[in-house]
Each structure stands twice: as structure tokens, then as C-alpha cells.
Amino acid sequence: MKKSHTLALYADMDEAANALKELKSSGMSGFRMEDVVVKSPIDHPELSELLGPRPVYIQWFTLLGVLLGPTTGLVLIASAQASFIYQVRGGRPVVPLPPDMVLTYELFILSGVLMTVLATFVAMKLPGNRSPLYNASVSEDKIGILVKADPQSIPQINEILGRHKPLEIMGDQAR
Amino acid sequence: MSHSVHSHPQLDVQVERKFIPKQKDLGADVTWAKINKDVLRSLEKPRPVFWVIFFSALALFSFGVYCEVYQYQNGMGVADLNNPQVWGLYIATFIFWIGMGHSGTLLSALLHIIHADWRKPIYRYSEAMTTFTLLTAALFVLVHMGRLWQFYYVVAYPNERWTWPNFTSPLVWDATAIGTYLTSSLLFLYMGMIPDLAICRDNARGARRALYRFLSMGWQGTDRQWANFKVAYMTMACFLMPLAVSVHSIVSTDFAVSQNPGWHVTSFPPYFVLGALYSGCSGIITLFIVLRYVFRFEAYMTQPILNKLIKMTFAIAMVWTYLDLIEYATTWYGSDEVAKADLIYRATGDYALQFWGMIFCAMVMPFTLLIRFVRHNYVVLLIISLILNVGMWLERFQIITPTFAKSHYPWTWTAGWWPSWVQWGIVAGSFGWFTMLFMLYCKIFPSVSMYEVKEMVHEQNMEEKALAAQTDVHEAGLVPEMKGGQA
């Protein structure tokens, strides 16, 4: 079924929190708490807690980066040095590990950073299109609660959202 | 009727209460809407002195470009660089600029990791400073080489002629470390700006709007975006701090792994890192005062924040002083007679003025920061912060030039060597280049982090709310059994 959206704007964080609590406890059909999105000018862990678990997987990509980067880097450096194996080295090692560790360390950091950034953009769905229900005031000082639900549930959701002194409630066409 | 402390829900928030109330970093009149308004205004209408600074910097940079073109066309001889004085001002200034960037990372990464909230209004421009100082430092690698087309030999990549770079050379380490640092700092700066770029997008018009729309990439401030953003930002901060330490340690190995007198010192890496932090902190104080006036950031760049910055600078200056003295003591009590002679030459020879100038500017002048008048008088503080950086630049000069002037072999001695006007011109141009880029950045991008200052305001409000709630509970006599220090 096509879903509809509704966005309520709040000036007060406590009211927004109360609206979320009531939505959560309403138990109505045609709507899931996972489809509720809070938009705010800063991170609000207090509100995020009410939304339930929203796992973050970025650290796994970081781990992948810090494992692959130095390994690949060291292999490349060592293989480059090993290509001079027939050159007279005066008793010094062909692949001197201690000095190679410097570049390996730098590649460890670089690949960790790059993988973190890449994973972040994927996780944040950026670059992305702005939702039609975006309101610029959520980047200033308002808190927005965006709910995606079945069209028949929207009136009831709006009623709940409206009970907590919203500044405005906006909706879109079913899609 | 007696109530248990734990039975009152408002007491769940633990708030430290002292007899002397803590001075707030931000005033009570700062609201979220005001933050947007003030910072966005800084992008539109800075004070007219902005243009004076910008065009002065442009003029200086143009002169630097002229000197570089002159050097390129006539050869390195016009710079008076010759054996053994092969580095001159270029590498001294290169180290100076690399060092300047470190405090940006200290403020933006280390203080972020330890949740020192006072950094929030000032870390953005510090991070920008890091990025632009690295760009400036990178120029000196090219300038110093003279033959620009050979730059790719220092980059660690394979090529079909099997002329691999020497992976065990500190110069290749340098190029890799600085490349990594520049890339990571740029990404860290950009990543941290995304929520603010969205604010700019929502309020700008015309070409600026298009720019911010492109750069903010559709950020909407959703809870999922914030959750991912916070984890990513913290992760990057954790990478940045050791990276910054490694970069300047590697720069120090350019010297420390050589046999030149005065350089072969074990304490060089920490000495360089601390020197970098020291000059960077002084630079941040300079820019603090300039930006505060030029962009009217009086509400955000406040005296309590400046006090903390000054305390940090003073502490770092003292550690640096200690390491510098340790370096001299190691040489003095060591068995390397040439190094000892080099130390005496530094203090009493042709470059004694620079040596004692460094001692005065970088070791004595920090003590003026202990004077309240200095901390509160911005003109005096601006001058002192500049003097500290002159001291740190002299430090780099006197590491390099006296050592080359009087090294192991008497037939290479070039006592009294002095750089040519071309070198001075390029060094001056680098200051113009940095200032120009930095001021341009502050005019186009928010140099105060709006969302983080909002977090500060939010936390201050929550704290006040909790304090008020506690006061109410006390006044109502609900917690008679609690003692002053605990409440």
C-alpha cells in the first residue's frame, strides 16, 4: 500500500518527546515506530531513545579499512623493494621492516579515514534528495517529527501529534 | 515527612555545585535562532577591515608569486641556496607551517574526544587553519625543489621505469604523512561542516545557495543521520590525533636520523610535536582576536573560552621550554664535541641574535600570559601571540641555518650566511597565501560551528534547569538529610 507522510514541528523538546511517547504507546495499525523520523538542529539522544534502536554500522567499515589499508600498503612497499633483490645491498635487508612501518602506519590511518567517510555517506544516504516535507526551521531551532504511515492512519496520527502543541502539521499526498 | 533523595525524579540529573559559580562559556542571551543569525551574517557582512586584510594578503601573495617565478626562471642561485646551505628559509618555514596546523587538530580532535565543550565555538576555524597551513607548507616542498617537474619522485608510487622512491627515506615518509594529514584534515573539516552547510543552504540565495546545496548533499538532520554523523566524527577524531603526532614526529626525523650536529637528538620528535602545538595555539589566539572583531563574534568567542585557550597555550609553552632545555642539556653533557661546538656557535656566533630572540620570544614571553591585563586586553594579547609565533619561527630558523653553517667539515663552513631577498619574498608570500585562503574561507563558510554551539546552549540550559529543580527541592525541604557538597 502507498504510504503518506506527515510532519509536525515543535518548539519545545519536551512536547516533542511527549508526542513520540504517545505515538509509541498508541499501538495503532498501519504505522510502525521504525518509520518515525526526528529532524532536529542538534543530536537529541533523549528523543532518539524513544524511537528505539537505530544501529550504526560505520565502525565495521572502519575496521575493514584499518585491516586492508596497512596490509595492502605493506605488500606494495615490500614487493617494490623486493624487485631490487639482485641489487647489492651491502648486507642490509632487501625489505627493511622497521622503516617500512612508518608508511604502513600512515596507510593504516588513511584507509581508516577514507573507509569511515565512505561508510558515513552511505549510512546517511548522502548525497540524497530532500524529503518534500522538509522544513527549513528544523535546521534553526525547531524539532520535526516525520511519520510515514498508511493513508487511513494519518488523521489519527495527526490527532496525537496535535495534542502536544505543535507549531504546524504538514502532510503530503499518498504515494 | 521525609522523602528519600532517590525518590525524586528531578534528582536523577547529577549537577556539580560549587560555592563559587562557574563562569559560563556563553552568555545567557545566546539562543539557537541568534546563533544562525549571527553566523550567517558573518558570511554576508564582515567589518570593512576584512577587505583590508584580504587585499593586503593578496598583495603579499602576489609578491611571493613574483619571487617564485623569478627563482624558477633564473635558478636556485638567486635564492642563495648552495651547498651546505641547501634548505635556508624554505624548510624552516615549511616546518613552521606544518607545526601551525597541529593545534587545529588538538582543538578539533583531542578536545572533542575528551568532551571539552569550550572548544566548540573556536574549533572550526582552527581546523580550517590546519587545512590551509598544510596547503601552505606543501608549497614549500615545491618551492624548495626548484625543479618542480621532479616532484613526483618524492611520492610513494611505483612507475614503469623501476625508479622507486626510497621508502626508507624520511623525505618520502614526509610526503606520505603530509598527504595523509592533508586528506584527513580536509575530510574532517568538511564532514564537520555538513550540518552547518545545510543551515546555509536553507538561508542563502542565488549562487551561494547552489554551492551550499551541492556541498550539504541533502542533509536534513534526521535522527539516523545524526547518529551516524556522531560515530563517524568521533572515529575520525580518534584517527586525527595520532596522525598529527606522527606527522610532526616524521618531520623531526628529517633531522634526527641525520648525523648533523645539533640534530641527532632522541628528544626531537616530542620536541617538534610540542613546538607545533605551541605555535599552533599562538596562531589560534591570533585568529581568535582577528575573527572576533572582523566577523563580530563577540557572543561566541568569549573571555572564558579565551582564558582556557591561553592556559592551554601556557602549559604547552612550558612543556616545550622544558624539552628545549633538555635538548641543550643532552648536547652539553654528551660526548659529541662537534654538537657541543654547534650549540656554543648558536648562542654566541653569527646567529646569536636569532637564538636569543627565540629564547626571549618563545620562552620568556609566555610568562606575560599570566598577567590578567594581558589576557583581557585584546590588542596586547594579539601582539604577544604574534611575538610567540615569531619566536617559534626563529626556533626553526636556528635549528637549520647554524647547523649547516658550521657542521663537521671546516671547508664547508659558511659563517654569516644570510638568505637572499627571493627567499624572504617567498616566505612573505606564504603568509599572504595562508591569510588570503583563510579569510576567503571565513567569508564563504561558517567559521563558527553553529550546531555545536547550539549543543552548548542546550547543555547550559539543561544544567540550569536541573540546578533550578534542585534548588526548588531544597527550598521545599524535601532533602533535609543531604549535605551541601553533595547537593
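The part in question is where the two chains meet: how many residues of chain A are in contact with how many residues of chain B?

A: In this predicted model, local features need pLDDT of at least 70 and side-chain atom pairs count only at pLDDT 80 or more, whereas totals for chains, interfaces and linings use all residues. Residues are numbered from 1 along each chain as its sequence is written, and chains are lettered from A and ligands numbered from 1 in the order in which they are written.

In the model, 47 residues of chain A are in contact with 46 residues of chain B; a contact means that the C-beta atoms of two residues, placed from the backbone, lie within 7 Å. On the chain A side, the elements that give two or more residues are β2 (31-39), α2 (45-51), α3 (58-82) and α4 (97-123). Such elements are DSSP runs numbered from the N terminus, with helices (H or I) of at least four residues and strands (E) of at least two. Helix α4(A) provides the largest share of this side, 14 residues. By class, the side of chain A that touches chain B has 26 nonpolar, 13 polar and eight charged residues. In that count Ala, Val, Leu, Ile, Met, Phe, Trp, Tyr, Cys and Pro are nonpolar, Asp, Glu, Lys and Arg are charged, and the others, Gly among them, are polar.

Leaving aside neighbours within four places in sequence, A:Gln59 is in contact with B:Val231 and B:Thr235. The C-alpha atom of A:Gln59 is separated by 7.3 Å from that of A:Thr116, a residue 57 residues apart from it along the chain. A:Gln59 is partly exposed, because 14 other C-beta atoms lie within 10 Å. On this scale a residue is buried with 20 or more other C-beta atoms within 10 Å of its own, exposed with 12 or fewer, and partly exposed in between, all C-beta atoms being placed from the backbone.

The layout of chain A comes next. An automatic or database domain assignment divides this chain into domain 1 (4-54 + 130-171) and domain 2 (58-123). The centres of these two domains, taken over C-alpha atoms, are separated by 46 Å.

Strand β2(A), one of the elements that touch chain B, also belongs to an open sheet of four strands in the order β2-β3-β1-β4, with antiparallel pairing. Strands count as paired if DSSP finds at least two bridges between them. β2 and β4 (168-171) of chain A are the edge strands, each pairing on one side only. On average, neighbouring strands of the sheet are turned by 20° against each other, direction ignored. Helix α5 (residues 154-162) of chain A packs on the sheet, touching β1, β2, β3 and β4, and its direction makes about 5° with that of β1(A). For these angles, axes are lines fitted to C-alpha atoms, for helices over the stretch in contact, and the values run from 0 to 180 degrees between N-to-C directions.

Within the sheet, β2(A) and β3(A) pair in the antiparallel sense over five bridges, and A:Lys39 stands opposite A:Gly144 in β3(A). β3 (residues 143-149) is also joined by seven bridges to β1 (residues 4-10), again antiparallel. The bridge partner of A:Ser4 in β3(A) is A:Ala149, and A:Ala8 stands opposite A:Ile145. Six of the seven residues of β3(A) are buried, so this strand is largely enclosed by the rest of the structure.

The loop between α2 (49-74) and α3 (88-113) of chain B contains B:Pro84, and the peptide bond from B:Asn83 to B:Pro84 is cis, with omega near 5°. B:Met217, in the loop between α6 (206-216) and α7 (223-256) of chain B, has a positive phi of about 55° although it is not a glycine. Most residues other than glycine have a negative phi, and most peptide bonds are trans. B:Met217 is partly exposed, because 16 other C-beta atoms lie within 10 Å.
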